[in-house]
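Work through the following exercises with the sequence and the model at hand. Each task is followed by a solution in steps.

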Amino acid sequence: MKTKIFDLNENNIDFQAIKEAAEVIRNNGTVVFPTETVYGLGANALSQEAAKAIYAAKGRPTDNPLIVHISNIDMLLYVIGESLSEKAKKLMDKFWPGPLTLIFKKSSAVPEDVTAGLDTVAVRMPDNEIALELIRQSGLPIAAPSANISGKPSPTKAEHVIGDLKGKVDVILGGSNSRVGLESTVLDLTGEVPTILRPGGVTLEELQTVIGEVRIDKGLVSNEAAPKAPGMKYTHYAPDAAMTILKGELPMVVQAIQHLADEQTKLGKLVGILATEETKHSYHAGVVISMGSRSNLYMAAAAIFDALRQFDKQKVDVIYAEALSEENIGMAVMNRLKKAAGFHIIEISS
Ligand code: TXA
Ligand code: MG
């Protein structure tokens, strides 16, 4: 497939390029576009055929449902099969456009392929002018998973999507780097208590401030419980090399990573170390990448997927990562790190 690639600027939009891309959406083709979280691989959310094209391009299992992206409330009301609750209205007022996906009962307008056979639909309004203009001009809600090859780290830069999907989609709208850098929070509103199915750009603490009680899906707390968000059961975000997270008091963690790195280096392996600003100078072996300062984990959120891809590029053989705090945005960052490591975590006790 020939992929048409545009290099766009969110602050000075090339409307002609978006017009072309919108035409592709209306013809049930595939368009990669930037959002504030990660890049999305979009297609007409009202078409079975378009949904199939998304799964094919990504190599995604078809039992993993897609998020429907909208640019206005009329589109939301068209795809959901219920009236808006007070909680939903409060959340939309506060966090849309933005990194919060809400799960509602679905309407019959949404084909089963988009929701993987579920009777619910995930919806969000992205906070990116290129994305919003694409949805507006196509006049359709756009279903879009993250625009990576299934299982790989999500794309936060135009070069990531070009590397993964050139030749597999009709159009790539390149833009600037994703501001948030990890995916939206997925919040299920269909049960009695709103429940986080995937932690993301909007934190548990922020949600609680707006609507009170919010639960975290059991599947996120323990590794044994069956995951509710269908996509949660797949290995995700995995770099090529095996990754291990080390958790404990920071000086002990640094010492343990350095020890493991030395061992591996002696065996002739190239080691990747996922460090922080506070610790990066302590390491003297391997490829050291800082996720940013421990005092602002929003930086780590924006940096981790690119860091994992850099390790792939440098062909490291093994990766050791420092655990971070799981408070606030740290919950989402650690969720992605744990999945990238296949939940391989070493706890260091003093
Ligand atoms: O930030 C984001 O959410 C990005 C950008 C492109 O918007 N999209 C994204 O899509 O991360 P994807 O497909 O990689 O992840 C969608 C998540 C999956 O975990 C999926 O299981 C969950 O949302 N999901 C979708 N529809 C659902 C539904 N009806 N019920 C429960 N979970 C659902
Ligand atoms: Mg994804």
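## Exercise 1: Salt bridges within helices

Lys89 and Glu86 form a salt bridge, with the closest N and O atoms 3.5 Å apart. The model is a predicted one.

**Task.** State how Lys89 and Glu86 are placed in helix α4, and classify the accessibility of Lys89 and of Glu86.

**Solution.** 
Step 1. Lys89 and Glu86 are three residues apart in helix α4, so about one helical turn separates them.
Step 2. Lys89 has a relative accessibility of 38% and therefore counts as partly exposed.
Step 3. Glu86 reaches 55%. Exposed means over 50%, so Glu86 counts as exposed.

**Task.** Carry out the steps for Glu23 and Arg26, which also form a salt bridge.

**Solution.** 
Step 1. The closest N and O atoms of Glu23 and Arg26 are 2.7 Å apart.
Step 2. The two residues lie three residues apart in helix α1, which means that about one helical turn lies between them.
Step 3. Glu23 has a relative accessible area of 37% and is partly exposed. Arg26, with a relative accessible area of 36%, is partly exposed.

## Exercise 2: A salt bridge between distant parts of the chain

**Task.** Find the distance between the side chains of Arg179 and Asp127 in their salt bridge, and say where in the chain each residue lies.

**Solution.** 
Step 1. The salt bridge between Arg179 and Asp127 has an N to O distance of 3.0 Å.
Step 2. Arg179 is in the loop between β8 (171-174) and β9, and Asp127 is in the loop between β6 (120-124) and α6 (129-138). The two residues are 52 residues apart, and the pair links distant parts of the chain.
Step 3. Arg179 is exposed at 52% relative accessibility, while Asp127 is partly exposed with a relative accessible area of 32%.

**Task.** How many salt bridges does the structure hold, and which residues are linked in a network with Glu133?

**Solution.** 
Step 1. The structure holds 19 salt bridges.
Step 2. Glu133 is linked with Glu129 and Arg136 in a network of salt bridges.

## Exercise 3: Helix α8 and its surroundings

**Task.** Which residues of helix α8 are buried, and why do they line one face of the helix?

**Solution.** 
Step 1. Helix α8 spans residues 204-211, and its buried residues are Leu204, Leu207, Val210 and Ile211.
Step 2. Down the axis of α8, the buried residues fall within an arc of 130°, so they line one face of the helix.
Step 3. These buried residues pack against several elements, including α4 (86-95), β5 (100-105) and α12 (330-340).

**Task.** Describe how α4 and α8 cross.

**Solution.** 
Step 1. The axes of α4 and α8 come within 10 Å and cross at roughly 125°.
Step 2. At that angle α4 and α8 are oblique to each other, and their crossing is right-handed.
Step 3. From α4, Lys87, Lys90, Leu91, Lys94 and Phe95 meet Glu206, Leu207, Val210 and Ile211 of α8.

## Exercise 4: Residues in loops

**Task.** Is Ile13 buried or exposed, and which residues is Ile13 in contact with, leaving aside its neighbours within four places in sequence?

**Solution.** 
Step 1. Ile13 sits in the loop between β1 (4-7) and α1 (15-26).
Step 2. Its relative accessible area is 14%. Buried means under 20%, so Ile13 is buried.
Step 3. Apart from neighbours within four places in sequence, Ile13 is in contact with Ile18, Glu129 and Ile130.
Step 4. The C-alpha atoms of Ile13 and Gly174 are separated by 11 Å, although these residues are 161 residues apart along the chain.

**Task.** Describe the backbone at Pro97, Ala116 and Lys315.

**Solution.** 
Step 1. The peptide bond from Trp96 to Pro97 is cis, with omega near -10°. Pro97 lies in the loop between α4 and β5.
Step 2. Ala116 is not a glycine, yet has a positive phi of about 55°. Ala116 is in the loop between α5 (112-115) and β6, and counts as partly exposed at 24% relative accessibility.
Step 3. Lys315, also a residue other than glycine, has a positive phi near 55°. Lys315 is found in the loop between α11 (297-313) and β15 (318-322), and at 64% relative accessibility counts as exposed.

How values were computed
Residues are numbered from 1 along each chain as its sequence is written. Chains are lettered from A and ligands numbered from 1 in the order in which they are written. This is a predicted model: local features need pLDDT of at least 70, side-chain atom pairs count only at pLDDT 80 or more; totals for chains, interfaces and linings use all residues. Side-chain values use heavy atoms; hydrogens and water are left out. Buried means under 20% relative accessible area, exposed over 50%, partly exposed in between (1.4 Å probe, protein chains only). Helices (H or I, at least four residues) and strands (E, at least two) are DSSP runs, numbered from the N terminus. The arc is that of the directions from the helix axis to the C-beta atoms. Contact means heavy atoms within 4.5 Å. A salt bridge is a side-chain nitrogen of Lys or Arg within 4 Å of a carboxyl oxygen of Asp or Glu. Axes are lines fitted to C-alpha atoms, for helices over the stretch in contact, and angles run from 0 to 180 degrees between N-to-C directions. Angles under 35 degrees count as roughly parallel, over 145 as roughly antiparallel, 65 to 115 as roughly perpendicular and the rest as oblique. A crossing is left-handed if the near helix is turned anticlockwise from the far one by less than a right angle, and right-handed if clockwise.
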